[in-house]
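Here is a short report for a reader meeting this structure for the first time. Please look at the model before reading on.

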Amino acid sequence: AGGLGERGLIGAGTVLTSDACRAVIAAGAQYIVSPIPRLELVASAHAADKPVMLGAYTPTEAQLAHEAGADFIKIFPADKLGPSYIKALRAPLPHLRIVPTGGVDLTTAAEFLKAGCAALGVGSSLVSAEILRTSNWPELTRLAKAFVDVVSAARRK
């Protein structure tokens, strides 16, 4: 349970406690995401051989999450900080595997990657409430392809 074969993985976000971490893994989550640097989630996720991404906003929080063993650092919310913050953060801390969330869209994705992000967290700019309300899967497919195209172009540069 929890996998889509080679097409994707299903994870759990907004995980705030070790009990919740263990519960979502038992339900089939393939990875764990927290919006905050809840360091004890690393042990819970890694005990089940699942990667974990801890949230951070400051350089101190990001480094502490890294030192605790987080596989990725979620910079959240990234919309006000922008790609320039990621670039500045990674200058003294290039080992951080940063994933910005909040504010990542088709116009900002390439700049976030150029700033050194390991991946991108894309939410409502891909799966909008309108798409879900109207079951507009062709629009979701179009947007997903547009993101793939932007990311592919950015990685080629």
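E130 and R133 sit three residues apart in helix α6 (residues 129–134), so about one helical turn separates them. The two form a salt bridge, and their closest N and O atoms are 2.9 Å apart. The model is a predicted one.

How open is this pair to the surroundings? E130 has a relative accessible area of 43%, so E130 is partly exposed. R133 reaches 62%, which makes R133 exposed. The cut-off for exposed is over 50%.

Helix α7 covers residues 137–156. E139 and R142 both lie in this helix. They are three residues apart, about one turn of the helix. A salt bridge links E139 with R142. E139 has 25% relative accessibility and therefore counts as partly exposed. R142 is also partly exposed, because its relative accessible area is 46%.

K145 and D149 follow a related pattern. They are four residues apart in helix α7, so they too are separated by about one helical turn. K145 forms a salt bridge with D149. At 51% relative accessibility, K145 counts as exposed. D149 is partly exposed, with a relative accessible area of 40%.

Side chains of opposite charge can pair when their charged atoms come close. How many salt bridges does the model hold? The count comes to five.

| Salt bridge | Closest N and O atoms |
|---|---|
| E130 and R133 | 2.9 Å |
| E139 and R142 | 2.8 Å |
| K145 and D149 | 3.0 Å |

**A positive patch**

K87, K114, R156 and K157 form a patch of positive charge on the surface. One of these, K87, lies in helix α4 (residues 82–90). Is K87 buried or exposed? Its relative accessibility is 58%, so K87 counts as exposed.

Take the strand pairs in turn. Strands β1 and β2 run parallel and are joined by two bridges. Here I32 has V52 in β2 as its bridge partner. Strand β2 (residues 52–56) also pairs with strand β3 (residues 72–75). That pairing is parallel too, and it runs over four bridges. Within it, G55 has K74 in β3 as its bridge partner.

**Inside strand β2**

Strand β2 is mostly covered. Five of its five residues are buried. In a regular strand the side chains alternate between the two faces of the sheet. Which residues of β2 point which way? V52, L54 and A56 point one way, while M53 and G55 point the other way. The residues on both sides are buried.

**Putting it together**

The picture has two parts. Strand β2 is buried and pairs with β1 and β3. Exposed residues include R133, K145 and K87. R133 is held in a salt bridge with E130, K145 is in one with D149, and K87 belongs to the positive patch.

Methods
Residues numbered from 1 in each chain as written. Predicted model: local features only at pLDDT ≥ 70, side-chain atom pairs only at ≥ 80, totals over all residues. Heavy atoms only, no water. Patch = residues over 30% accessible without salt bridge, like charges linked within 9 Å, V, L, I, M, F, W, Y side chains within 5 Å. Areas by Shrake-Rupley, 256 points an atom, 1.4 Å probe, with all protein chains shown as cover. Salt bridge = Lys/Arg side-chain N within 4 Å of Asp/Glu carboxyl O. Lys, Arg positive; Asp, Glu negative; His and termini not counted. Charge placed at Lys NZ, Arg CZ, Asp CG, Glu CD. Buried < 20%, exposed > 50% of the residue type's maximum accessible area, 1.4 Å probe, protein only. Pairing = 2+ DSSP bridges.
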